[in-house]
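Subject: Structure handover

Hello,

Here is the structure for your files. My notes on what was found in it follow below.

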Amino acid sequence: MRWILWLMLAASAAGQSNARLHACVVNAKEWVVGARLAGSGLFRLDGVAGWEQLGFVHPMILAADYDRGDPATLYLAAGNGLIRARDGGRHWRVTTGWEVTELRDVTADRFLAGTVYFAHTAGIRKSSDGGETWVDADAGIDQKYCESLQADRAQQGRILAGCVNGIFLSEDGGGRWRRTGAEGVQVRRVVQSPHRPMEWLAGTQMAGLLRSRDGGRTWEAAGDVAVERNVYDIAFDPGQEDRIAVGGWSTGVLVSEDNGKSWERRSKGLPRWDIWSLAFDPGKPGRLYASVHEEALHVSEDAGKSWRNAGFDGSYIYRLQFFPEAAK
Amino acid sequence: MIALMLALLLAPVPDFTERVKEVIAHNAQPAALETAGYATIAAKLWRKEDPDWCSRRLVEILREGPRGDMFWMFPVTAIAYLDKGQLSGAARRTLRDSWRTYMPFRGDTENHWLLYYTSMYLMAQKWPGEGGELWFNGKSSAENFKEAEEWILWWVDTTTRRGQGEYDCTHYIGVYVLPMSYLAAWAEDDTMRKRATMMLEYLLADYAAEQLDGIYVGSHARTDDQQVVEKWNGISSDLGWLLFGLGMHTPSYGSYPFYYAVASAYEPPEILKRIATERPDGVLHKELKRTRHRWRFHKEQNGEVYKTTYLRSDYAVGSDQGGLLQPVQQHSWDVTWKVKDPRGVHNTLFTMHPYSGLLELQAYFTFAPDPATEVVYRSKKSYDSPDKLLGGSPYEQIMQDRDTVIALYDIAPGARFPHINGFFSKDLSVVVEDESGWIFARGGDAWIAYYPLAPYSWKPIAGGGRRLFSPHLKNGVVLQVAAASEFATLEAFRDAIRKLPLEVQLQPAPAVRFRSLRGADLHFRYGQERDFSSWKLFDGPFLQAERNSGNLELRHGSQRRLLDFRTLTVEEK
């Protein structure tokens, strides 16, 4: 019965009318290791109070996810390791040791509380006890550096990884992986559609956007979008079935209203066309956030047709994510 | 003025104890006390003076907010251990609390990690039995201590079996010596103190065998734009002066030598001093090192680096095998000549290919592709410059036989900078472009013959000297050095070099056949297979160690000193 509860929690996060935007921020202009660093770390947007920083200043938090059994527990993929941030992100514990560094991504299992995976510079690790212990979970991946990781929200045990040499799929909770596409290509992001669970998109380094319609088993080019560009993020609009946004370097924000058949550049008002991260607001139809490199967070109320500054001037945001209100 | 300079140059070097005191005194007496930092507090605590000021100032600085990550951790750790009852309760509490409220970044290099984990080891030792709620990372004192100890043991083991990762750095040598000095002084565990003391000897022996009057010579994992040409101007020279009385220190004595002094102030054993200061003319020294961690594009996370250094009384020639062995700040080969006063002198000559690109940055860093070069440029201004003189290249291969170097370049079409740069110092006393194709030069008491394989032109260098600019993809240089004492005149040297058989070809790949001044028949072709399987960890008259041995034998005359890290023993013979 417990898994049903977790599934319901997951569904509520996906439905997300009560979701809160979280930002993994680097206020990094001119920053190098050892320099003073202000305003970097994990932030949460509260509608009334604005942005609140959660936990410590840290220069390298690349991604976050929440535990499906306890949404008030966040897992942060950070430079210093995998950080478990309890009480909605306030109380941190680095759960990993010296064996891993400069984590790239984190994804929590959608069905099993306390099960979480992270990608790091030399592979993938898994915990089944909320980060108390970790084991290697990257057998079958030939070149271990993986930039992106996402657990399948519809089928237990399925995870996709975007790595330095292609896209890998595990169907047994990270026990074994096999490459299913993009061999020879660095993959920066893999994202599952919230509407059609068998549909996935992958953003690559110099090979554009890839699409899978069979749950990540096979991949094909998703048209001519962002070809010879580096795709940094992909966002499906949870409130509009066929709307997708893609962002990368020199691409601006590209939006499709027909599930990827055609794309329109919607960058009017953005100070530059270099995009780190994108997120649709599940509670506000048409609201789209974009992190612009070392300029600011920008927000659009019309799915990218116009933009305005939304704070974090001079910064960039590795990842924008909505988590349930319960995480507060 | 001249008399004063002469007097300074001829003044006797104070002994080790006096040098230690001099470094500490310099830091204890800053120009402006009201803005003095952690180093002054540490110096005063060491000298047991002004405890009230130390306490007050420490609280002020900490309340301004810690900054600097691991570079914050190591001075604060020193202060905690130098306190010895001098600091006020408030200062001590503020210091303790800063390790709960400030999260230092662990960094991305071994020098960062060694500072970080040494500090964590010592502070967890200082505050044992405390829970995770009192530490920034949420781990208990016991957990922090264990993790730090494990990594330090890993680093010692890996270094003594496979070689150092950030090897032979003009600046970062200080960042490795400092943590070992801390552990040698302040670790409560006897074995850790012993291990750290042995590692100090290990690191200093590595340096002692490859310096010329205190100047770190040959190839370096890391140096910088200034020190690559003014080789004296780094922490290594400060250490040479402090530890061995060699050469000259920089005006500030260097921060790392200072913290070395206030911690263990370990005085090297006699044999190490003799290696540093008593050397015959003509020493061939070889070493095995490691690349920095390579996250992408390579099967081995740490590749092997094969170093050769040949030292004579008046000059030294050193090299690695070429290739991208380290990111951004690699220096692969040079000749360095001895000078009486190295301050402001560019006493070196070398050639390199100015490479920049994602193959390098994404192998060694986690950078996203697009901002990578710009991010590096912010702290390493020359990185993406065609004029630069610093960095390795995937298109460079080097071989060395004593004081002969052959460096070949086969630059891929489309490479960002399709040329090579040769550094010809302002301090060369002679430069003659001979009709034979050789360029003859003199630096100090060294004759240098330089044969460019492809046409070139000269470009001025800001700060003095000239850059040999050769915009040809198939390229290279043959370098032969000799002592001025071997040839009375330039003409005699020129005649000797011109008689040496030399065959050069550039297609399909650069290749050279050359009989060196020492009688060696050298054949080297770009891309040829080379067998380094018998290359030892250390192989020279002063240092000997087999691969994977976990030990190092120091030799000088009939003296022997074996550092065995497997048994943590030091055996004297």
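**Sheet in chain A**

In chain A, strands 8-9-10-11 form, in that order, an open sheet of four strands with antiparallel pairing. Strands pair if DSSP finds at least two bridges between them; helices (H or I, at least four residues) and strands (E, at least two) are DSSP runs, numbered from the N terminus. Strand 8 (105-108) and strand 11 (135-136) of chain A are at the edges with a single partner strand each, so one side of each has no neighbour in the sheet. Strand 9 (residues 116-120) and strand 10 (residues 123-127) of chain A run antiparallel and are joined by five bridges. A:Ala119 lies opposite A:Ile124 of strand 10 of chain A.

This is a predicted model: local features need pLDDT of at least 70 and side-chain atom pairs count only at pLDDT 80 or more, while totals for chains, interfaces and linings use all residues. Residues are numbered from 1 along each chain as its sequence is written, and chains are lettered from A and ligands numbered from 1 in the order in which they are written.

**Contact between chains A and B**

Chain A puts 29 residues into the contact and chain B 27 residues (C-beta atoms, placed from the backbone, within 7 Å). On the side of chain A that touches chain B, strand 3 (50-57) and strand 7 (91-94) of chain A each supply at least two residues. Strand 7 of chain A gives the most, with three residues.

Regards

How values were computed. Two residues are in contact if their C-beta atoms, placed from the backbone, lie within 7 Å.
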